[in-house]
Amino acid sequence: MYQVDLNSDLGESFGRYTLGMDDRIIPLISSANVACGYHASDPVVMEKTIREACAAGIRLGAHPGYPDLMGFGRRNMNLTPEEARAYTLYQISALGGMCRAQGMQLQHVKPHGAMYNMAARDYELSLAICQAVRDYDPGLIVMAQWGSETIRAARDCGLAVAYEVFADRGYEEDGSLVNRKKEGAFIRDEEEAIGRVIRMVKEGKVRAVTGRDIEIRADSVCVHGDGEKALLFVEKIRAALTAEGIAIRPLCEICG
């Protein structure tokens, strides 16, 4: 039987600024990646997101990023391994403490934006992130791209790994995401996104931006919560997965 987790990056509002449609997306997914205050969010938003996820019965993950509120964590930063580990541990601890106060536990950790993409290519950065995860809770699952250095680092730290794919992003032939500034970075047509997701789950393949098929593994499908069609994508992808007989389950039931 095919099964997959459906996740979204949420809790990314800040102060008086609202981003995304979290209250409408949360009931449709099985896992949420919650911003921890460095690239987005604040304590009030974090607490509200945890409360809504708890009410919907979905699982929570920390979504740590670079300390870059103005750039939404999408600008590369040159950190030492010690800094990367400390920044990651700080953010996981903050969200984990808020979860504990509401009777919930963290399920996973997924780095955000530039941190995620840089770690995919940089073993030392990945190792620092994974050491922070292990030091906080070795039972947490690390979410990472197929073929990334993050997977190797997580395994070296004795952590469980979930392979993540993206419904609304284009892929290079090496399995990395197409740079947001390049043509083909985004999948804007929901039917195309659905077809790609079903194929990634069932066939383990995706069409790269070059037109070549590449291998991939899908434990979890991400739809970015700040996308202009985020809600529509989640609604249609969830319906399509169900129609294809693909069970939607949280990560802890797939690779915990």
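Student: What does M115 touch, not counting residues up to four places away in sequence?
Tutor: M115 touches P64, G65, Y66, G73, T88, L125 and I129. Contact here means heavy atoms within 4.5 Å. This is a predicted model, where local features need pLDDT of at least 70, side-chain atom pairs count only at pLDDT 80 or more, and totals for chains, interfaces and linings use all residues. Residues are numbered from 1 along each chain as its sequence is written, and side-chain values use heavy atoms, with hydrogens and water left out.

Student: Where does M115 lie?
Tutor: M115 lies in helix α4, residues 113–121. Helices (H or I, at least four residues) and strands (E, at least two) are DSSP runs, numbered from the N terminus.

Student: Is M115 buried or exposed?
Tutor: M115 has 0% relative accessibility, so M115 counts as buried. Buried means under 20% relative accessible area, exposed over 50%, and partly exposed in between, with a 1.4 Å probe and protein chains only.

Student: And what separates the C-alpha atoms of M115 and I129?
Tutor: They are 9.3 Å apart, with the two residues 14 residues apart along the chain.

Student: New topic: at what angle do α5 and α6 pack?
Tutor: About 45°, with the axes of α5 (residues 123–136) and α6 (residues 149–156) 8 Å apart. Axes are lines fitted to C-alpha atoms, for helices over the stretch in contact, and angles run from 0 to 180 degrees between N-to-C directions. The two helices are therefore oblique to each other; under 35 degrees counts as roughly parallel, over 145 as roughly antiparallel, 65 to 115 as roughly perpendicular, and the rest as oblique.

Student: Which residues meet there, in α5 and α6?
Tutor: From α5, Y123, S126, L127 and C130 meet E149, T150, R152, A153, A154 and D156 of α6.

Student: OK, cores. Which residues touch the most other members of the largest nonpolar core?
Tutor: L95, Y171 and I237, in a core of 65 residues. A nonpolar core is a set of buried Ala, Val, Leu, Ile, Met, Phe, Trp, Tyr and Cys residues joined through side-chain atoms within 4.5 Å. Helix α8 (residues 230–243) gives this core its largest share, seven residues.

Student: What is I237 in contact with, leaving aside neighbours within four places in sequence?
Tutor: L6, A167, I194, V197 and V223. There's also a second, separate core of 10 residues, with A84, A114, A119 and I129 among them.

Student: Last one: where does Y38 lie?
Tutor: In the loop between β2 (31–35) and α2 (43–56).
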